[in-house]
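Subject: Structure handover

Hello,

My notes on it follow below.

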Amino acid sequence: MNDVNEAALLHNYLLVGMVLFVIGMTGFLIRRNLIVMFLCVEMMLQGISLSLAAWGRYHNDWGGQMMILFIIAVASCEAAIALTLVLVVSRRTGNLDVAVWQDLREEGELPFVDRELPEETTERPQSPVLPPAGRQPDVDEDELMHRSHV
Amino acid sequence: MNDTIVILMILVPALPLAAAILAAVLGPRILRSRAHWPVVAAFAASFLCSLSLLVHAWRQPPGYERVESLWVWADIEGAYAQRHSPGGADQADSAGVMRHFTLDVTLRIDTLTGVMLATVTFISLLVAIYSVGYMRGDPGYWRFFAYIGLFVFSMTMLVSVSNFLLLFVFWEAVGVCSYLLIGFWYRKPAAAAAGTKAFLVNRIGDFGFMLGVFLIWTTYGTLNYHDTAAGWPSVSARAGTERPVFVDLGRAAAGEPGEVVGVLSVKRESVGGWRGGGVGLAICLLLLLGACGKSAQFPLHVWLPDAMEGPTPVSALIHAATMVTAGVYMIARCAPLFVASPDGLLVVAGVGTFTALLAASIALTQFDLKRVLAYSTISQLGYMFLGLGTGTLAGMSAGMFHLFTHAFFKALLFLGAGSVMHAMGNVIDMRRFGGLRRRLPHTYRTFLVGCLALAGIIPLSGFWSKDSVLFSVHARAHEMQVHWARRQAAEERVSSGTAGSLPAAGHAARGEVEAGSGMSDGELARAARLYAWMYYGALLTAFLTAFYAFRALFLTFFGDERLPGEAADHGHESPGVMVWPLAILAFFAACVGLAFDQSWLNGTHPFAEVLADTPSLSGAVARTETLGSFHFSVAVISTICAVAGALLASCFYLGDRRAAAWFQAVMDFRVLKSADDGARIARVGQQPWIQAIDRAARRVGLPWLTRLAGDLLIFTMLVITAPLLLIRFVSPYRLSFGKFFLDETYSLLVVRPLRGLAWLLDAVDRWLVDGLVDLVGQLPSRLGALLRTMQTGLVPFYAMAMILGGLIMLLTMNQQFSEQVMLYLHRLLGGMTP
């Protein structure tokens, strides 16, 4: 009876850990903002930590939690270094887009270039106001494509 | 005393070498325009050493030779050599023996070497002094003197060494120096091409020479001229550990046991003599091929005229006086080998005669003064070969004597031509200048002496040496005829049965040394006939020689004074440093003949006597009574020939040259020119009587008949004129002026096919072989190009690749894991969708 509960508990925790890990991984893959990517990595770490804790509980062993402590320590160091680097990168280019840093590509390989960013409009974009007839406001397609605020 | 001799022997080549090194090292920076000092000084010292060596060798008893081994170059135990039994070809021939191969650097002195050394160093000394004036201001001044220093070193070594392989080494060294000096003005394409041509043509001869040396090794088992103790002076023997060396071939019956008898040693007679027959003939012909290359004889003579692209002192030194005589020296040195093979001798003489005639007939029409002299050199070398080819001591010494005198007068002529060039601003075409008699008085006088000597006018040196050659050939032919007649008589006697007292008569009459002993009757008759023909060929050459020598003289120094534009400001006599060598050479060219050939006076021939002391010559070559005798009729006939040539030249080229132009037109078949003149043929149809016939035929109503007749006539004319046209292209004048089109023939037969082959091989190499190599080289980079597109530099892409890669690894490599994942997924999905 107890065993069944323990197994179910482990199963649930592992599911959550897996979800966290996959979300983090997906985010790391699809986002280009360095800070968001960094956060996604953190989320993956959390998913792993959670599954470690769950295994530690299941085996009735402190090892899993000790591993988590290690992960936290390493992650904090990593955060310090990574954020420093991100800071330097953003200072040099004024940009946090990871696609800007393509210098490691093979010689002769064309760089990945976003389409031209649309001209930044000087006036502040007005918050959409529903027209009286309930028509959808005009959406700038380019603006959506380029995600100027990634 | 002996040590002094050894030191002198070493000094003769060593001094020029040291001077060459000095000039090369110090020349460009320190000596500059004084770069000639070490070279001239070394040549002078070398000449003195040579002279004292010659005098020393002269004073010794006949057969004197001194051989000094300096060091061992190679010492090979158990080198392979074919066994040769002197008896003849039998099954023992097929058995090989192991032989001790010792190659020591050995210098020798005997009279032949002494004469060559003295000649070479003396001429070199004068030419070097002359070059001081001629080469002044040339940017390659020091280079020139370094080269000629090197050349004299090589040449003196060539005549000093006592080993066939070393002979070959210095043979090549001389060739290299010749190449360097012909291409001395290497920026001039013609000079560079001439250097390459000389080198390549010589290579053919050298190949034959090399094969000849190999054949000598397999036949005689040694390459030394001289006798050596077996294994001596090998290192092991000197160290005292005597090793038994298996020597059977050279074991002298009379000499020490274990002594290797040299190829050209006198003792060879006692161990079976020199090889005749097929092998002997092959050795002779291969050596002759080498000599033909170096001495510019018929098939390989084409390089010498082109070699005139080099500086004129080089032409005088190398291509007239010294280097080209290496072939003559070599044949004289190898006289025993040639004498053992009468057919080889006949070939030598034949090649010499043919070359002499050919080159003389080419020289008749050339307009380049130096080229006339170059062909004259070839022709005179042909004389030397003819003399050597007689195989008698008189002939051999006559050939060498001609070499000796020719060195003086040809160097003189070339240096004179150089003096003309110097004054004419490097113009050498005789059509562009003339009448230089007053402007260049000293050059004119010395050149005249040279021409007289070359033409063989009594009493200049050329007369005596040429006469010796002619006489030796005549004597040889005569001797053979007499011998043949005697044999015929003996055979008749035998057949008629009256000569019972003469067992095996005729063929076996070998007790006395007779010309052509060992030849069959037919061969003897043929050889006698050939030698007689050669004699007449040589006489004709003497006539031609006188003609072209005086033609050159008259064209250059007589007639109205004409100067080319290039000579505008310096059409004057050369400086003293150039004139004095000319004067000295002229003196010697005039006197050496008289001094060394006193046969007309008291029947002695000091030069021949000196040469006859050479062991290889005295040992092997039959000393006939003709040595030192003077044949009055031969001298008269040759003088008549020479004077006739000179007179003809003066008829043609003194005064107005109408006779020469007329003769040239005749020789060019100008008459035939009208035969293929189209307008003239067309005019024939306009003749009134032909027109009348035509009209009459038309009136009768047969116009086609006249047309047919006309067509037939034209056809006949064509058939007749076509060969005439061809004949015009090979008219004597054109043949002579075009050098018998030998260069063109070689180009067609040899150069073009080889160039085509080279092109083909180049294409195969460039496209096939290189293509394969390049393909292998490009394979990695092509493969890499496939993966290169993955290196985008985009971080998300790398992350994706990493994750996918990790997943794939996990799934494929750990089967248990993959099964569990599949099971889990199945359960998960199964739980979701019941």
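**A kinked helix**

Helix H29 (residues 742-788) of chain B has a kink of about 40 degrees, centred on Leu748(B). The bend at a residue is the angle between axes fitted to the seven residues ending there and the seven starting there. Helices here are DSSP runs of H or I with at least four residues, strands are runs of E with at least two, and both are numbered from the N terminus. H29(B) is hardly covered: among its 47 residues, the count of buried residues is zero. A residue is buried if 20 or more other C-beta atoms lie within 10 Å of its own, exposed if 12 or fewer, and partly exposed in between, with C-beta atoms placed from the backbone.

**Ground rules**

This is a predicted model: local features need pLDDT of at least 70, side-chain atom pairs count only at pLDDT 80 or more, and totals for chains, interfaces and linings use all residues. Residues are numbered from 1 along each chain as its sequence is written, while chains are lettered from A and ligands numbered from 1 in the order in which they are written.

Two residues in the loop between helix H28 (732-737) and H29 of chain B deserve a look; Lys739(B) is one of them. Lys739(B) has a positive phi of about 55 degrees, although it is not a glycine. Lys739(B) has 21 other C-beta atoms within 10 Å, so it is buried. Phe741(B) is in the loop between H28 and H29 too. Phe741(B) is not a glycine either, and its phi is positive, about 55 degrees. Phe741(B) is partly exposed because it has 14 other C-beta atoms within 10 Å.

Leu726(B) sits in helix H27 (residues 703-729) of chain B. Is Leu726(B) buried or exposed? It counts as exposed, because it has 9 C-beta neighbours inside 10 Å.

Chain B has 31 helices and four strands. Of its 834 residues, 45% count as buried. Among its contacts between residues at least 6 apart in sequence, 81% join residues at least 24 apart. Two residues are in contact if their C-beta atoms, placed from the backbone, lie within 7 Å.

The largest nonpolar core has 223 residues. Such a core is a set of buried Ala, Val, Leu, Ile, Met, Phe, Trp, Tyr and Cys residues joined through C-beta atoms within 7 Å. Ala411(B), Leu412(B) and Ala589(B) have the most contacts inside it. Helix H18 (residues 521-557) of chain B gives the most to this core, with 20 residues. Another core lies apart from it, with seven residues, among them Leu34(A), Met37(A), Leu45(A) and Val98(A).

What does Leu412(B) touch, not counting residues up to four places away in sequence? The list is Thr446(B), Val449(B), Gly450(B), Leu582(B), Leu585(B), Ala586(B) and Ala589(B).

One peptide bond to check: Ile458(B) to Pro459(B) is cis, with omega near 0 degrees. Pro459(B) lies in the loop between helix H16 (441-455) and helix H17 (461-496) of chain B.

**Chain A and the interface**

Chain A has four helices and zero strands. Buried residues make up 11% of its 150 residues. Of its contacts with a separation of 6 or more, 54% are between residues 24 or more positions apart.

14 residues of chain A are in contact with 11 residues of chain B. On the chain A side, eight are nonpolar, one is polar and five are charged. Ala, Val, Leu, Ile, Met, Phe, Trp, Tyr, Cys and Pro count as nonpolar, Asp, Glu, Lys and Arg as charged, and the others, Gly among them, as polar.

**Confidence**

The predictor gives the complex an ipTM of 0.74 and a pTM of 0.75. pLDDT is its confidence in each residue, from 0 to 100. Chain B averages 82, and 87% of its residues score at least 70. Over residues 231-257 of chain B the pLDDT is below 50, yet this stretch has 49 contacts in the model beyond near neighbours in sequence. Residues 499-514 of chain B also stay under 50, with 17 contacts beyond four places in sequence. Where pLDDT is low, the predicted coordinates should not be read in detail. Chain A averages 83, and 78% of its residues score at least 70.

Best regards

How values were computed: pLDDT = per-residue confidence, 0-100.
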